[in-house]
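Let's take a walk through this structure together.

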Amino acid sequence: MKKRKSISYAKWGVVFVLPFFIVFAICQLYPLLSTFYYSFFEYRRVQLTTVGPNFIGFDNYIELFTPDLTGNIGILKYFGNTMLMWFLGAVPQFIFALILAVIFTSERMKIKGTGFFKTVIYMPNLIMASAFGMLFYTIFSLGGPVNQIIQANGGEAIYFFNQEVSVKAIIAFINFLMWYGNTTILLMAGIMGIDQSLFEAASIDGAKSTQVFFRITIPLLMPIMLYVFVTALIGGLQMYDVPQIITSGTGAPSNTSMTMIMYLNTLIAKSRNFGLGGAVSVLIFIITAILSFVVFKSMVPSKPKKAKGGK
Amino acid sequence: MKKRILAAVLATASILGAVSGCNDTSAVSSGSGDETSKAEGSGDATSDSEESKDKVNPADEGKVLNIWAWNEEFKGFFEKYYTVPEGVTVNWVINPSDGGVYQQKLDEAILAQADAAADEKIDMFLAEADYIKKYTNTEATLDVSTIGVEKLDTQYEYTVQAASDDAGKVKGVSFQCCPSALIYRKSIAKDVLGVDDPASVQEALSDWTKFEEVAAKAKEKGYLMTGSNVATFRVFSNNVTSAWVEDGKLNIDPAIDQWTEQSKKFYDNGYTTLAGIWEDGNTKEMFKDGKAMCYFGPSWYYNFSMTNAQDPEKGSAGDWAITTGPQAHFWGGTWLLAATGTDNPTLVADIMNAFIADEEVLTKLVEKEGQFVNNSAINQKYAEDPNYGNKTILDGQNDFALYVDLAKNIKFEHKTGYDQLLSEKYPEYMKTYFDGSKSKDEALADFKQYVKDTYPEIVVE
């Protein structure tokens, strides 16, 4: 009888990761590559007939960066809209989340029932964005409660959804409300990861809580902060559902709340312009890839140099 | 050994599970890839249905009747007044028409029609005047005379025209005729004009100059002329002398421009609001304490859009009357089109015949639903009937008498397959001009850009 030299488990590793790679290749990699491919083609629908695909090189990309009839470069305008609305929501989101995270993790305050509060502040994230959108749409609509209160007090009805400022503010507010809980949880995890003895040492040395916050918490939380920030930014780039619902997909008034993904949706779902849509997708892909690279660099420190000697 | 087998089984199960789950999604997303072939393939389907031309019992055909629609209106009438042969299930696929969603989904389904299983094929679909041309001029719809729907003299000519392709083949029928009229609030008219009978009100509102004068008077008394600036849009857009798209170019007709200027003036002077026509800002004015004097609509408007007025407690039913208004026009209408590839041609034909010719069905549609049907004989009968009147909204006024007159002059012209979105979005994009945040040219540029983004094939200057 032959004697087995050793049992190799290596092939099982391959077998077990195979399902993921097969699914990934079919459902992600193939569509991704075909998006790149079609972005070089004229490929769209005219009523019920299909035009193309005809190879047109970089024409789709050139068209994206050509000023349109309003004198703007559409894609840059939509990128600006997306970033502005994200920023308006992200600033309060981070301030709130940071304050809440510090309070909940504070050894001194020892707040009771943090589990309850954590659940409550996370709750908005569980509600569908579209439901949130509908809710705010109803609240601020012409016949909605806000206008009823204004009119009951002798004011004139305000068209919240016809004005750039209010539409953007409402969208930013919804995004803030949905995501601050999530950010709080992440930052809390970050703070709890800081060595507790540092806080103790600081309090023994007589540091004030503001000093502890600015000298210990913030610097040591920086890597996590950066991670949360950049992932939020990537999420923000893909902002779609809230503005889509609030403006019924029009980006009203006159495209000032149109985000990049909404534009993509207009191209793909409405005009069935797959070529131009592909070009927009590729741009979003590139921006996201750059941002992801930043996260990766900040999370994985470059190889530490071997310490030579000692002080 | 057992463990190995178990592991192998589990591994295959997880792979299969993942892959089959993925199939569903990829089927949806890859649908776009092979549309051309599907569109070409739809030609064969025509011959299929032509073979089954001889008289057959509808129940012997496909067991599932798929009807596509964009709201529940026709579904309601269908379920109440039409008896489906035993053994056939009716499957309704309803998608909202706002923002073109219905058309998008319908287009996908039509392009996939040839490859769909018999019971999943669209058998009949509904279309509106605004985009019916997109479907009648293609292979996607059947010449209904081949399945047994004869053209009747009682059908209004424009409804037949609308359903015909350029070669004159009729692709469907409408179950409604939609002359649209001015629906005014009697109590407000009395207060503003001193009279509330249709003839006197018509005299006071017979053209747009008079309409504007009355609007100013209404404003003085604290009323609104219309609940939404878009209320008058259909009146103007139906009286255009050129289409939205002429020779492949976007074209803004003088009548549309006239509406734009009127809207601007009306909003600036506080005669109207900028609420959308379907929004509650407009419809809340139909309540008892509502301030709007005028609405425009055909007979479907009562049940479909005036539910607030019909509210038993807060509503204003009975306080309304209709008259021609400043300009005659028509609005909407629902056409039933037979889809190429249907496996229920006899049943589809029977439904179409029922809704244009079956006296029993049409009588119920008139008497119970207040619908102005697509049958001039029946309409004429009710128009002359002194006992007939609309009691749900109009306090017994015989609206058919007016509609019969208006229906004679309806013309289906200057229409394109693009009209729905263009007519829906033009007022929306012009809002920034009305509220003063942009100049007219800037607002127009935004609209034109929208057209360019949505329909790259339309030349926009």
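Where in chain A is Ser141(A) found? Keep in mind that you're looking at a predicted model. Ser141(A) sits in the loop that runs between helix H5 (129-140) and helix H6 (145-152) of chain A.

Is Ser141(A) buried or exposed? Its relative accessibility is 8%, and the cut-off for buried is under 20%, so Ser141(A) counts as buried. Who are its neighbours? Leaving out residues up to four places away in sequence, Ser141(A) touches Asn147(A), Phe161(A) and Asp280(B). The side chain of Ser141(A) also has a polar atom 3.2 Å from the backbone oxygen of Thr138(A).

Asp280(B), one of those contacts, belongs to chain B, which brings us to the place where the two chains meet. Here 47 residues of chain B are in contact with 36 residues of chain A. About 3800 Å² of area is buried between the chains, and carbon and sulfur atoms give 59% of that. On the chain B side, Gln104(B), Gln449(B) and Asp453(B) lose the most area to chain A, together making up 13% of what that side buries.

What about charges? The rule finds 2 salt bridges across this interface. Glu108(B) forms a salt bridge with Arg272(A), with the closest N and O atoms 3.3 Å apart. Several helices of chain B give two or more residues to the side touching chain A, among them H1 (2-29), H4 (101-111) and H20 (440-454). H20(B) gives the most, with 7 residues.

Note on methods: Residues are numbered from 1 along each chain as its sequence is written. Chains are lettered from A and ligands numbered from 1 in the order in which they are written. This is a predicted model: local features need pLDDT of at least 70, side-chain atom pairs count only at pLDDT 80 or more; totals for chains, interfaces and linings use all residues. Side-chain values use heavy atoms; hydrogens and water are left out. Contact means heavy atoms within 4.5 Å. Buried area is the accessible area (1.4 Å probe) that two parts lose on being put together, summed over both. A salt bridge is a side-chain nitrogen of Lys or Arg within 4 Å of a carboxyl oxygen of Asp or Glu. Helices (H or I, at least four residues) and strands (E, at least two) are DSSP runs, numbered from the N terminus. Buried means under 20% relative accessible area, exposed over 50%, partly exposed in between (1.4 Å probe, protein chains only). A polar contact is a pair of N or O atoms within 3.5 Å; within protein, one must be able to donate a hydrogen and the other to accept it, and residues adjacent in sequence count only if both atoms are side-chain atoms.
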